[in-house]
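Hello,

Here is the structure I said I would pass on.

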Amino acid sequence: QQFSIHATKLLYSVDTMYASVKSASMKEKSGFVLNNLVTDFYMIPTGISLRNLLMITPGSVIRNKALITYASLEAIKKSPGELRLNIDLDNSRITMKDLLTFVPQLKVQLASLPANSTFFIATKMSGKLNDLNFQKLIVSGLTATNINVSGTIKGLPDPKKVVVDLNIFKFQSSNNDIRSFIPNDSLLSKITLPENIAASGHVKGGMDDLYADLAVTTSLGDA
């Protein structure tokens with residue numbers, strides 16, 4: 001393992017750390033590589049704060065700020081949905097490999113996605129992982145997916161429990177991309193999907209009781 005850091009204003013106690021990180025790099029035995037990290041870092045037993053953030057890995061660039069809080073690390077292992085997030089990211093991208101390094105609890109839920117996937121993201125979100133409020137969520141990636149929404153998503157990280165209430169300003173995707181996210185035993189997995197789809201409007205509900213008021217254009221026709 002290799003690690004180097006240049007930081008100022010370093011404060012440290014048994015369970016608390018603060019540092020203004022000017023540069024940091026790391027290479028772990030697991031294969032994770034951090035090319036550079038710039039941030040105002042604050043850690044206590046119940047959370048981590050990264051402000052003025054710029055994190056660069058071989059495939060990811062993450063900018064702005066991220067605050068993560070929890071009752072305890074042991075509690076999050078038992079109930080990952082209780083993880084509390086306050087995240088504001090601009091002009092960022094993250095690879096699937098890095099995402100699972102940061103949030104290993106999502107490994108099972110995202111197992112169907114290509115390992116070399118990269119997601120481009122801009123977001124302002126807050127709340128627990130199982131009850132997230134999105135002021136803004138703009139995501140693109142996979143082969144043909146482009147999403148711009150606001151609203152709430154409840155039930156994560158279990159996709160079978162997900163309930164949404166979303167204003168969809170833009171949604172574009174493909175059959176293959178959509179099926180990457182759908183559990184094999186869900187109702188949607190049995191539906192014939194068009195090769196390409198674009199939509200805007202409002203959706204509310206879960207996998208098996210979804211209400212949608214959408215303007216839809218697809219390769220099979222419009223609705």
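Start with Ser 13, which counts as partly exposed because its relative accessibility is 33%; buried means under 20% relative accessible area, exposed means over 50%, and partly exposed lies in between (1.4 Å probe, protein chains only). Ser 13 sits in the loop between β1 (2–12) and β2 (17–27). Strands here are DSSP runs of E with at least two residues, numbered from the N terminus. The C-alpha atom of Ser 13 is 56 Å from that of Leu 193, and the two residues are 180 apart along the chain.

This is a predicted model, in which local features need pLDDT of at least 70 and side-chain atom pairs count only at pLDDT 80 or more, while totals for chains, interfaces and linings use all residues. Residues are numbered from 1 along each chain as its sequence is written, and side-chain values use heavy atoms, with hydrogens and water left out.

Next, the strand pairs; two strands pair if DSSP finds at least two bridges between them.

- β5 (residues 47–56) and β6 (residues 61–69) are antiparallel, with eight bridges. A hairpin of four residues connects β5 to β6, and Leu 50 has Ala 66 in β6 as its bridge partner.
- β6 also runs antiparallel to β7 (residues 84–95), through seven bridges. Thr 69 is partnered there with Arg 84 in β7.
- β10 (residues 145–154) and β11 (residues 163–174) are antiparallel and joined by nine bridges. Val 149 is opposite Ile 168 in β11.
- β11 is joined to β12 (residues 196–206) by 10 bridges, again antiparallel. Here Asn 167 faces His 202 in β12.

Regards
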